Amino acid sequence: MKRKIVLTGAFIGMLAIILGAFGAHLLKKWLSVDQLNTFEVGVRYQIYHAFFLFFLSTRKELAEKTLKTIYNLVVAGVVLFSGSIYLLATKNLTLFDFKIIVFATPLGGLLLIIAWLTLFVTILRQKS
């Protein structure tokens, strides 16, 4: 499981760097400053959670089930939160109406919060 977490963290991090460069260099021709800033929020949260996965992989005190739960919450949260932000920030470049995915951003954020909360509560309950 820890190898999977590290590999996913590396992939999510790499993808964040690629998307950040894409946004900074290619999208600035077509997006407003506000849209670029929104896109950057997605990149930042994606990279934060890549590092969170790396941190998670180092925790020896966490049970396998807890690791899987947090991992699944983070992956789903990043896809929904950052993914929907990327789509919403670039909505004027496509014909698709992205208003139908607006719910994905807060849902993804909630999943990320629950992942952090799960880690917090798990460690809090452990005896030192």
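Trainee: Let's start with Thr-8. Is it buried or exposed?
Mentor: Thr-8 is buried, because its relative accessibility is 15% and the cut-off for buried is under 20%. Keep in mind that this is a predicted model.

Trainee: Where does Thr-8 lie?
Mentor: In helix 1, which covers residues 2-26.

Trainee: And which residues does Thr-8 touch, leaving out those up to four places away in sequence?
Mentor: Leu-53, Tyr-71 and Val-75.

Trainee: What else does Leu-53 touch, with those neighbours in sequence left out again?
Mentor: Besides Thr-8, Leu-53 touches Ile-5, Gly-9, Ile-12, Tyr-71 and Val-74.

Trainee: Let me step back. How many helices and strands does the chain have?
Mentor: Four helices and zero strands. Along the sequence the pattern reads α-α-α-α.

Trainee: What box do the C-alpha atoms fill?
Mentor: Roughly 55 × 25 × 20 Å, along the principal axes.

Trainee: What share of the residues is buried?
Mentor: Buried residues are 39% of the 128 in the chain.

Trainee: And the contacts, what share joins residues at least 24 apart?
Mentor: It is 79%, counted among contacts between residues at least 6 apart in sequence.

Trainee: Now the core. Which residues of the largest nonpolar core touch the most other members?
Mentor: Leu-53, Leu-56, Ile-70 and Val-74, out of 19 residues in that core. Helix 1, helix 2 (33-58), helix 3 (64-89) and helix 4 (104-125) each supply at least two residues of this core.

Trainee: Which helix gives the most to this core?
Mentor: Helix 3, with eight residues. There is also a second, separate core of nine residues, and Ala-16, Leu-19, Phe-39 and Tyr-86 are among them.

Trainee: Switching to rings. How many aromatic pairs are there?
Mentor: The count is five aromatic pairs. One of them is Phe-39 with Tyr-86, a tilted pair at 4.8 Å centre to centre and 45 degrees between the planes.

Trainee: Which parts of the chain does that pair link?
Mentor: Distant ones. Phe-39 is in helix 2 and Tyr-86 is in helix 3, 47 residues apart. Both Phe-39 and Tyr-86 are buried.

Trainee: What about Phe-51 and Phe-54, why is that pair edge-to-face?
Mentor: Their planes sit at 65 degrees, so the pair is edge-to-face, with ring centres 6.2 Å apart. The cut-off for edge-to-face is over 60 degrees.

Trainee: Where do Phe-51 and Phe-54 lie?
Mentor: Both are in helix 2, three residues apart, which is about one turn of the helix.

Trainee: Which residues form the aromatic cluster?
Mentor: Tyr-45, Tyr-48 and Phe-81 form one aromatic cluster.

Trainee: Back to helix 1. Is Gly-20 buried or exposed?
Mentor: Gly-20 lies in helix 1. With a relative accessible area of 16%, Gly-20 is buried.

Trainee: How far apart are Arg-3 and Glu-64 in space? What about in sequence?
Mentor: They are 12 Å apart, C-alpha to C-alpha, and 61 residues apart in sequence.

Trainee: Last topic, charge. How many positive and negative side chains are there?
Mentor: There are 14 positive and 5 negative, and the centres of the two sets lie 8 Å apart.

Trainee: And what does the accessible surface come to?
Mentor: About 7,900 Å² for the chain. Carbon and sulfur atoms account for 70% of that surface.

Technical notes:
Residues are numbered from 1 along each chain as its sequence is written. This is a predicted model: local features need pLDDT of at least 70, side-chain atom pairs count only at pLDDT 80 or more; totals for chains, interfaces and linings use all residues. Side-chain values use heavy atoms; hydrogens and water are left out. Buried means under 20% relative accessible area, exposed over 50%, partly exposed in between (1.4 Å probe, protein chains only). Contact means heavy atoms within 4.5 Å. Accessible areas come from the Shrake-Rupley method with a 1.4 Å probe; for residues, only the protein chains shown count as cover. Lys and Arg count as positive and Asp and Glu as negative; His and the chain ends are not counted. The place of a charge is taken as NZ of Lys, CZ of Arg, CG of Asp or CD of Glu. A nonpolar core is a set of buried Ala, Val, Leu, Ile, Met, Phe, Trp, Tyr and Cys residues joined through side-chain atoms within 4.5 Å. Rings of Phe, Tyr and Trp (its six-membered ring) pair if their centres lie within 6.5 Å; planes under 30 degrees apart count as stacked, over 60 as edge-to-face and the rest as tilted.
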